[in-house]
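Open the model in your viewer and keep the selection tool ready.

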Number of protein chains: 2
Amino acid sequence: MKTIAIIDDDIHIGNMLEELLQQEGYATLRAYSGTEALFLLSRNEPDLILLDLMLPGLNGEEVLPHIQDIPVMIVSAKMDMTNKVNLLLNGACDYVTKPFDTGELLARIKIHLRPVRTNKKQLCAGDLVLDLNMHEVSVNHVSVKLTKTEYAILKILMQNANQVISKNTILDSISMDTPDCTDSSLKQHVSNLRKKLREVNGTDYIEAVWGIGFRFIV
Amino acid sequence: MKTIAIIDDDIHIGNMLEELLQQEGYATLRAYSGTEALFLLSRNEPDLILLDLMLPGLNGEEVLPHIQDIPVMIVSAKMDMTNKVNLLLNGACDYVTKPFDTGELLARIKIHLRPVRTNKKQLCAGDLVLDLNMHEVSVNHVSVKLTKTEYAILKILMQNANQVISKNTILDSISMDTPDCTDSSLKQHVSNLRKKLREVNGTDYIEAVWGIGFRFIV
DNA sequence: GAAAAGTGTAAAGAAATCGTAAAGATTTCA
DNA sequence: TGAAATCTTTACGATTTCTTTACACTTTTC
């Protein structure tokens, strides 16, 4: 689950944002001033920050330079164009003007949260191709028939190639389709998945990481 | 040098954009219709695409799904919000409304061109590297296979390099994975960890602090 | 200086995890 | 409704990891 920090001194807007984000399945953090924001960020590491500019104490412009490695979306009523450009050039990843359309805000959040270039329609790894549009997997141009659970598992593993994905993360990500999947049935699905891929190619793409989960190797 | 494709049937706006981008040091490509755009993209691979929506032939909405792996900024006079949100959710990386501020356009272009956030998280100490994403430890670029408990111990020690960490703190921090770990089994894990690191390098990174705990020395 | 407590390592036993197969349960679809 | 596909459960051997026990050694305490 992704965490988003809301930094806004306006309680109403903050509450509205918090409710909106939580409905979308995000976890939220709150801060109501610039100094509080910095304190919050010293203790937490959200995946994205919504930053208002007009804050008591340190304002948004002053907070921004202190934030590193986390995408910051400015959400502000300010319209000054040179200022806006400056913020975009100095670390903000986006700028949404109040009053904003919630749909657009959520869409822009999604864009900045999505793993690098996930407008990909195919995930490739050597001779293995997972087509996200066709919902199809092939090895050496030979189509491999996977069940939806196997497909979902392979997808999350390939989307995070070479990284270790915990069993719980996998279970979460397939819980929409397969809510009853347990640790041990996951084990079974992975075994079946491996078998199907192996039968075409002889390769085992999936590595078990003891006590943690699995890793897709490119 | 980065290349930007301008897909717009309006010659004036297209020329203006081209001049603007070239002044900023970008190379440019042009297309004046949807079909022409697809042809252009089959021969070239720009780093970013500026896409107008109202195009003759295939319009922008229809072109978008065919583009993979290249960030697409919609530049359009259309203001329909649901459409805007749909485009953002279906592959566009940004949406700028005509008439646009050139400064803002350039700033947004720069954002989407800037190198992917290297959310590579590593703890380094000399030749020892602990990669938090890969869940992997290496010494002198030689991978060292650790158990999850050994990894967890090394991680908390490296995160607090040069500071003394009490045995209880370590036990707490690994209690999620290894709840039954006691003082004396911790001793054993540290011994095993040291041995594995020592076998690559000969160095002992971990110092015991009498009666308290351990310290990782950089 | 001797007893008590702490540290470092090895080795063995206990426990957990992995990979697979087979069988039972559930869902899907004609 | 019945067959096929899919998912979950159970079982078991192989493997890995964790804990315990043992013992030599060092440091602290009295």
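Each stop below gives a selection and what to find there. Keep in mind that this is a predicted model.

**Stop 1: DNA strand D**

Select DNA strand D and the 27 residues around it. Which of them come nearest? On chain A, look at Thr147(A) and Asp180(A). On chain B, look at Thr147(B), Thr149(B) and Asp180(B).

In chain A, pick helix H6 (148-159) and helix H8 (183-201). In chain B, pick helix H6 (148-159) and helix H8 (183-201). Each of these helices supplies at least two residues of the surface near DNA strand D.

Colour that surface by class. The surface near DNA strand D holds 17 polar residues, six charged and four nonpolar.

**Stop 2: chain A against chain B**

Hide the DNA and select the contact between the chains. Chain A gives 26 residues to this contact, and chain B gives 25 residues. Stay on the side of chain A that touches chain B. Helix H4 (81-89) and helix H5 (102-113) of chain A each supply at least two residues there. The largest share, six residues, comes from H5(A). By class, this side of chain A has twelve nonpolar, nine charged and five polar residues.

**Stop 3: a hairpin in chain B**

Select residues 206-209 of chain B, strand S11, and residues 213-216 of chain B, strand S12. The two strands run antiparallel and are joined by four bridges. Which residue stands opposite Glu207(B)? Arg215(B), in S12(B).

Finish at the turn. Three residues lie between S11(B) and S12(B) in this hairpin. Gly211(B), in the turn, has a positive phi of about 75°.

Definitions and conventions:
Residues numbered from 1 in each chain as written. Chains lettered and ligands numbered in written order. Predicted model: local features only at pLDDT ≥ 70, side-chain atom pairs only at ≥ 80, totals over all residues. Near = placed C-beta within 6 Å. Nonpolar A, V, L, I, M, F, W, Y, C, P; charged D, E, K, R; others polar. Contact = placed C-beta atoms within 7 Å. Pairing = 2+ DSSP bridges.
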